[in-house]
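Have a go at each task before you read its solution.

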Amino acid sequence: MQLHGCDKFDSDGSGYLDRGELKDALTSMGMEPLEDEEIDDMFSMADSDADGKLSIDEFVRVLTMDLEDMIDQSTGN
């Protein structure tokens with residue numbers, strides 16, 4: 001995960017982001033802190049291969065998704 005400095009968010013050096021690392025990354029990038037449920041929903045939508053971790057491609061997908069659209073999708077609105 002060494003694209004555009006994304007590796008700095010990978011605190012355990014696994015090459016992927018887990019839910020906690022995603023939350024920390026989004027907060028450090030200026031997003032208001034999200035509730036754990038919102039992070040879980042966002043993570044689930046971005047984790048396209050359902051392996052429980054976000055690859056760089058999946059992380060970029062999170063960054064390019066509209067948060068309100070993601071929340072609407074997760075709640076069925």
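**Exercise 1.** Which side chain of opposite charge is nearest to Glu21, and how far away is it?

*Ground rules.* This is a predicted model, in which local features need pLDDT of at least 70, side-chain atom pairs count only at pLDDT 80 or more, and totals for chains, interfaces and linings use all residues. Residues are numbered from 1 along each chain as its sequence is written, and side-chain values use heavy atoms, with hydrogens and water left out.

*Solution.* 
- Step 1: find the residue. Glu21 sits in helix α1, residues 19-28; helices are DSSP runs of H or I with at least four residues, strands are runs of E with at least two, and both are numbered from the N terminus.
- Step 2: look for a partner. The nearest side chain of opposite charge is Arg19, 10 Å away. Here Lys and Arg count as positive, Asp and Glu as negative, while His and the chain ends are not counted.
- Step 3: classify. Glu21 is buried and has no salt bridge. Buried means under 20% relative accessible area, exposed over 50%, and partly exposed in between (1.4 Å probe, protein chains only). A salt bridge needs a side-chain nitrogen of Lys or Arg within 4 Å of a carboxyl oxygen of Asp or Glu.
- Step 4: see what surrounds the side chain. A polar atom of the Glu21 side chain lies 3.0 Å from the backbone nitrogen of Ser11. Beyond neighbours within four places in sequence, Glu21 is in contact (heavy atoms within 4.5 Å) with Phe9, Asp10, Ser11, Asp12 and Tyr16.

**Exercise 2.** How many salt bridges does the structure hold, and which parts does the Arg19 pair tie together?

*Solution.* 
- Step 1: Side chains of opposite charge can pair when their charged atoms come close.
- Step 2: count. The structure holds two salt bridges.
- Step 3: take the Arg19 pair. Arg19 bridges to Asp40, with the closest N and O atoms 3.1 Å apart. Arg19 is in helix α1 and Asp40 in helix α2 (residues 36-46), so the pair ties together parts that are 21 residues apart in sequence.
- Step 4: take the other pair. Lys23 and Asp36 meet at 2.9 Å, N to O. This pair links Lys23 in helix α1 with Asp36 in helix α2, 13 residues apart.
- Step 5: check the surroundings. Arg19 is partly exposed at 35% relative accessibility, Asp40 is partly exposed at 35%, and Lys23 is partly exposed at 26%.

**Exercise 3.** Work out how the buried residues are arranged on each helix.

*Solution.* 
- Step 1: α1. Its buried residues are Glu21, Leu22, Ala25 and Leu26. The face turned away carries the exposed residues Asp24 and Ser28, and the cover over the buried residues of α1 includes α2 and α3.
- Step 2: α2. Ile39, Met42, Phe43, Met45 and Ala46 are buried. Their arc of only 165 degrees puts them on the same side of α2.
- Step 3: α3 (residues 56-64). Ile56, Glu58, Phe59 and Val62 are buried. An arc of only 160 degrees puts them on the same side of α3. Asp57 and Thr64 are exposed on the face turned away, while α1 and α2 are among what covers the buried residues of α3.

**Exercise 4.** Where is Ala50 found, and what is its phi?

*Solution.* 
- Step 1: Ala50 is in the loop between α2 and α3.
- Step 2: most residues other than glycine have a negative phi.
- Step 3: Ala50 has a positive phi of about 55 degrees although it is not a glycine.
- Step 4: Ala50 counts as exposed, at 66% relative accessibility.

Methods:
Polar contact = N/O pair within 3.5 Å; in protein donor to acceptor, adjacent residues only side chain to side chain. Arc of directions from axis to C-beta.
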